[in-house]
Amino acid sequence: MTVNPSGWRPSAPANEQGEAATVTGNRALMLEEPLLFEIGSIGQTGVDFAAVPQGATRLGGLERSKAIGLPGLSEPEAVRHYTRLSRQNYAIDLGLFPLGSCTMKHNPRLNEKVARLPGFADVHPLQPQETVQGALQVVNELALWLLDLTGMHGVAMSPKAGAHGELCGLLCIRAALEARGDKREVVLVPESAHGTNPATAAFAGYRVENIPASAAGRVDLDALKSRLGPDVAAVMITNPNTCGLFEPDMKAISDAVHAAGAFVYCDGANFNAIVGKVRPGDLGIDAMHINLHKTFSTPHGGGGPGSGPVVLSEALSPYGPLPFAAKYPDGSYRIVEEETAGDEHPNAFGRMVAFHGQMGMFTRALAYILSHGADGLKQVAEDAVLNANYILRSLEDVLDAPFASSGPCMHEAIFSDRGFANGISTIDLAKALIDEGFHPMTMYFPLVVHGAMLIEPTETESKASLDQFIMAVRSIAERAKSGDETLKAAPVHAPRRRLDETLAARKPVLTWSESVAAQAAE
Amino acid sequence: MRYLPLSDADRSEMLRVIGAGSIDELFRDVPEEARLKGPVHGLPMHASEMAVERHMTALSRKNMVAGDVPFFLGCGAYRHHVPASVDHIIQRGELLTSYTPYQPEIAQGTLQMLFEFQTQVARLFGCEVANASMYDGSTAMWEAIVMSHRITRRNKTIISSGVHPHYVSVARTMAKFTEDDLRTSLPALTAGTDAEALIGAIDAETSAVVVQYPDILGRITDLTPIAEAAHAAGALLIAVVTEPVALGAIRSPGEMGADIVVGEGQSIGVGLQFGGPYVGLFACREKHVRQMPGRLAGETVDAEGKRGFVLTLSTREQHIRREKATSNICTSSVLCALAFTAHLTLLGEKGLRQLASLNHARACETAERLAAIPGIKLVNDGFFNEFTLTLPVEARPAVHAMVEKGVLGGVSLGRLYPGVDALQNGLVIAVTETATEQDIDALEASLKEVCA
């Protein structure tokens, strides 16, 4: 007698959608949630106010007459709306989130707690400086840690995110060059760089040229040297690079760039691999941004806020932006901004943001750094690199690892889609990982590896978690190589199947409207 | 170390699998001379949660907390009551600890929230579309200026004297490098704005006119004539809103003809946070959407025809277009956008209008009382929740003197425009629903004293 004569398998898509269909569209804990505009009304509110005293208004005759169209929800409805939405998200709190170059590590809750202390959260940026000495001390303490950890000379704390930090660094470089009357027009960027690097160089008014990668996944030093010249302002290097490899020629690169009168910008997105182990200042780097939301664990929040302080060499420090917090001999802290810059920081290139930077990220990052200390941060880098190499060596027999033979990787391991059969590609493996309960790795980046899969586990994963992930990837990789076309239908267990991105771009629907909704219903 | 799960036994076993004799072997690409031999010299070692919390709490107590004193600061950051449920929502781990929604099948929560946020921002601003957020208001304004240059293929921008001086400073910094032509000027302590001067300055080379609404002195001006003049010359009108709660009471910039409306979303849901993180709002006409910076969430369907959301029109963005992208922005401010949208959802239209009315009524009452103090004059005719006074004395020392009395009594124009003699007696006062009668009494009493 067979136990299962029908061949019914709980995971078969047909069974999921067919036999388990419900009248609500919900499936137990997986709950569909309409749009706010479909459930709220403009007469509903979740906030109670005192009665408004009646009196003459002074709105200059510009009173709103028309309805705005903003539906409200009562508090229980609102909490339920966002809680239901939250359950359709993957998150580091749920499991391994191995997005390469994104450093999705655990976000300690102590950091959330300290950021919410009223002395930090409920302080206005334009309060008189004698009333914000503790806040300025936080900025200053964090700045000193960043300087010590990087071996650099100065730091600009105000940039709002990584790409904004890149802009800050390039503007420092541009200001330094202009100060010596040197008009240079070109920034060199490796073809494996993050897209923000060339975009930032263009945003800062530079022309971008690519430099090729060597077969070993590193910057081609000879090609770089041959392109250096009096028109090159800067070279933007990512180190460790986006293939997860340390650039062993970094010092030689820096020397060559400096000899040509240019500056070295380092994209610090991958600083997690070397924090506490290697100081960028010892490698000849002139400017590097640090993503506090990566290395120093401030939460990503679904796409920010970030924070991108930029450490600077002695040559660039005089040009760093305003404002910044400085400590004075009497022990007090002051904000150096336009008013006193003439005396204290006359060559500043200007201001990048209103106010002083991402204070809420500074408090979190400082709590993280103090928790780890110098010894813990060194362990962070070592465990991050150990975890990545463990993945590299545990998968290299089932997935093509283009640079594995040249030695260990740093904090992330890269694989290609070589050997996948029947037109199965990286995206199919990635979507199948979703069904196995993991967030996929970074796909198709960097561009120098075909069908790239860039896996960054970070140091906050246990060995058991890595082993489960490895088991899942191995199984899916075998299916990809055997040409199992069911992979192309993945994911089948996620809140949504694959989404039509072409349709979204061809007929953009970017806001909700009654008329579009009515058309869609027909 | 409490955040690191690997045990020494795990580490040994993993090194064995890797085939490495030691951790150092994994760092062999790093030149020997660049490798630190031990922990970075001179820094403290790891600390317990209790010790770190104690240190941070001690630092936090060195600040004067806005909620502990009579508080009247604005000028680009506003203190409003944020419902407790907003903070609960943004601390949901699935929202707090997720990444940019690159895998939409498992990021529908963030994507749907952003779609709702975009719709709310567009409606509030009176525009057709809005993006999924920028870093803050000041960077959003610069992005709007360069976007207008892409649209008009002109590079001269006239910035109203009523725009926040930090925002102007950011634009001037960027323009130095991009060689954009910015026309800026200083505000005057008059009831009228510089609308007529702006209209007079528009010419055939003008790409955009930038006007803050309400402006840095709290004044409100009808944008319609400026929009008409700009459009007649083929230029765009960019409106900047630093206090979006105002739009619960006054007409939206979009209604009055603004082509791009940017703003600072801090005052709804986000809190003061000593200046950041905040959330930049960015809205425009649908026909200009392909010139927009930043991420956009859009509606689509999945393989079974179910409605879903994705990031879209990404061919504008750096990860696809590299040096040809509309902006270099990558990470934006999604968690703050969530705080904004959750707070606005709790308010709804009804609550937002009540909140705006309450702010305006409190501000009217306060302005009247302060203007009655001998020697003090009210600059504004019209205002929302923020207005400017001229004092009989310099405002900057007056603000410090009020701190001595435990009152955070406004922003002096001397702080914002150091060295500009004509503005030194100006004091900008913001009054929100958080100000009590006792707070207003304390402000009145302390201002009386410092002006006597």
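Visitor: How many residues does the contact take from chain B, and how many from chain A?

Guide: This is a predicted model, in which local features need pLDDT of at least 70 and side-chain atom pairs count only at pLDDT 80 or more, while totals for chains, interfaces and linings use all residues. Residues are numbered from 1 along each chain as its sequence is written, and chains are lettered from A and ligands numbered from 1 in the order in which they are written.

The contact takes 168 residues from chain B and 176 residues from chain A, where two residues are in contact if their C-beta atoms, placed from the backbone, lie within 7 Å. On the side of chain B that touches chain A, the most is given by helix 12 of chain B (residues 334-371), with 20 residues; helices (H or I, at least four residues) and strands (E, at least two) are DSSP runs, numbered from the N terminus. Sorted by class, this side of chain B holds 83 nonpolar, 54 polar and 31 charged residues, with Ala, Val, Leu, Ile, Met, Phe, Trp, Tyr, Cys and Pro counted as nonpolar, Asp, Glu, Lys and Arg as charged, and the others, Gly among them, as polar.

Turning to chain B as a whole, it has 15 helices and 13 strands. Its radius of gyration, taken over C-alpha atoms, is 25 Å, close to the 22 Å that the globule rule gives for 452 residues, so chain B is as compact as a globular protein of that length; the rule is 2.2 Å times the number of residues to the power 0.38. Along the principal axes, the C-alpha atoms of chain B fill a box of roughly 80 × 55 × 45 Å. Of its 452 residues, 63% count as buried, meaning that 20 or more other C-beta atoms lie within 10 Å of the residue's own C-beta atom, placed from the backbone.

The largest nonpolar core has 329 residues, such a core being a set of buried Ala, Val, Leu, Ile, Met, Phe, Trp, Tyr and Cys residues joined through C-beta atoms within 7 Å. The members that touch the most others are A:Cys172, B:Val209, B:Leu237, B:Ile238 and B:Ala283, and helix 12 of chain A (residues 359-395) gives the most to this core, with 21 residues. Leaving aside residues up to four places away in sequence, B:Ile238 touches several residues, including B:Ala144, B:Val209 and B:Ile260.

Definitions and conventions:
A residue is buried if 20 or more other C-beta atoms lie within 10 Å of its own, exposed if 12 or fewer, and partly exposed in between; C-beta atoms are placed from the backbone.
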